[in-house]
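Student: Please take one part of this model and go through it closely. I would like the surroundings of a single side chain described, and then whatever else can be said about packing elsewhere.

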Amino acid sequence: MTLPPITTMIPLADPGAAYRAHRDALDEALGRALDSGWYILGKEGEAFEREFADWLGLPRAVGCANGTDALVLILRGLGIGPGMAVATVSHTAVATVAAIEMVGATPVLIDIDPDTYTMDADELLAVLQDPPPGLPPLRAVIAVHLYGQPCDLDPMLAACAEAGIPLIEDCAQAHGATLGGRKLGTLGVAAAFSLYPTKNLGALGDAGVLATADEALASRIAAIRQYGWTSRYISDMAGVNSRLDELQAAVLRVRLPLLEAGNARRQHIANCYDAALADTAIVSPVRRAGATHVFHQYVVRHPERDSLMALLKEQGIGSGIHYPVPVHLQPAYLDRVALGPAGCVETEAASREILSLPMFPELTDEQVDRVCGVLRALA
Ligand SMILES: *Cc1c(COP(=O)(O)O)cnc(C)c1O
């Protein structure tokens with residue numbers, strides 16, 4: 001089979017295309033925020049928090065500086081800190097684990113289920129029932145909905161309820177995904193969302209938001225994000241500075257109503273890739289039954305991942321690895337982070353074989369066709 005000539009490189013993600021696709025509305029919103037003369041924690045931020053909470057169907061959302069801080073603020077708001085352990089996965093953005101250490105708590109990293117790349121719920125249950133020796137008491141779980149796919153949340157929620165500890169959702173890659181018809185971000189005690197430019201809902205800079213049904217927790221966190229102020233210049237609790245700025249909030253108010261259409265476009269592209277990969281040796285993503293996957297990333301698996309990546313590059317197709325090195329093997333964490341009893345065998349195997357294909361709503365039909373044609377020809 002002969003392939004069409006390469007004209008331009010198809011990138012893995014293209015935040016510039018997302019800006020250009022709605023340039024007029026974004027410029028207008030930015031102009032409005034600039035003209036207001038008020039740049040941090042103002043009317044745009046308040047309106048975004050209300051609109052985001054309404055979209056989720058929760059009473060409260062709190063904007064902050066980024067997704068890592070959203071996790072930190074939730075942990076602090078729940079009183080998680082030194083002398084406590086928090087369980088999550090090693091197969092995640094390093095930010096999830098960094099947030100646990102930022103509050104002084106001790107991470108415990110659980111292996112993944114190799115089909116969905118999300119936390120192995122049985123392993124979590126084993127750690128809750130029989131904690132690894134030498135570890136401080138386990139006081140919270142951060143469930144990561146990786147790549148836009150819900151993790152196996154129901155048994156994890158049941159186990160956390162039984163243990164009397166909170167489950168926090170890391171929804172940084174899963175804006176709009178559902179599990180059994182329920183929106184992710186509404187199922188645990190609180191949920192953290194990154195609004196980094198390439199996320200399914202992204203700002204034009206750093207931003208984050210967290211949401212919860214617990215109004216007292218939301219009020220505590222809203223104070224913690226600004227020096228612990230409950231009234232101006234009076235800190236009732238120790239806090240940090242992690243505010244959302246008005247320019248980003250104005251951008252996010254334009255983009256929130258576009259999220260469902262963007263997710264639908266991602267799902268359409270995923271269906272095209274699935275069809276192209278049928279009957280090839282490249283393993284396409286498994287979709288959890290009863291869930292919607294919003295394809296923050298479309299991640300395939302192949303034993304010869306590096307050569308597949310090089311062949312795609314020769315054909316002008318960008319790809320990425322999320323993530324090439326599990327957190328527990330990163331230089332900053334090596335040999336000092338606790339793992340679950342079975343280690344992280346599946347995490348390490350996946351990190352050697354996974355590859356993310358171009359995935360963003362502004363990919364054109366021609367670009368999608370070209371990726372599909374190359375995949376069919378290579379396989
Ligand atoms: C992006 C991301 C974060 C961190 O968000 P930032 O806005 O970059 O701080 C946390 N967890 C996951 C799973 C992410 O993908």
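Tutor: Leaving aside residues up to four places away in sequence, Gln 297 touches Leu 12, Tyr 147, His 322 and Ser 356. The model is a predicted one. With one of these neighbours there is also a polar contact: the side chains of Gln 297 and His 322 are joined at 3.5 Å. Gln 297 sits in the loop between strand 12 (291-292) and strand 13 (298-301). Its relative accessible area is 10%, and because the cut-off for buried is under 20%, Gln 297 counts as buried.

Elsewhere in the chain, helix 4 (residues 67-77) packs with helix 5 (residues 94-102) at an angle of about 40°, and the two axes are 9 Å apart. Helix 4 is therefore oblique to helix 5. The crossing of the two helices is right-handed. Helix 4 contributes Thr 68, Asp 69, Leu 71, Val 72 and Leu 75 to the contact, while helix 5 contributes Ala 95, Thr 96, Ala 99, Ile 100 and Met 102. Sorted by class, the residues in this contact of helix 4 with helix 5 are 7 nonpolar, 2 polar and 1 charged.

Notes:
Residues numbered from 1 in each chain as written. Predicted model: local features only at pLDDT ≥ 70, side-chain atom pairs only at ≥ 80, totals over all residues. Heavy atoms only, no water. Axes fitted to C-alpha atoms, helices over the stretch in contact; angles between N-to-C directions. Helix = DSSP H or I, 4+ residues; strand = E, 2+ residues; numbered from the N terminus. Parallel < 35°, antiparallel > 145°, perpendicular 65-115°, else oblique. Left-handed = near helix turned anticlockwise from the far one by under 90°. Contact = heavy atoms within 4.5 Å. Nonpolar A, V, L, I, M, F, W, Y, C, P; charged D, E, K, R; others polar. Buried < 20%, exposed > 50% of the residue type's maximum accessible area, 1.4 Å probe, protein only. Polar contact = N/O pair within 3.5 Å; in protein donor to acceptor, adjacent residues only side chain to side chain.
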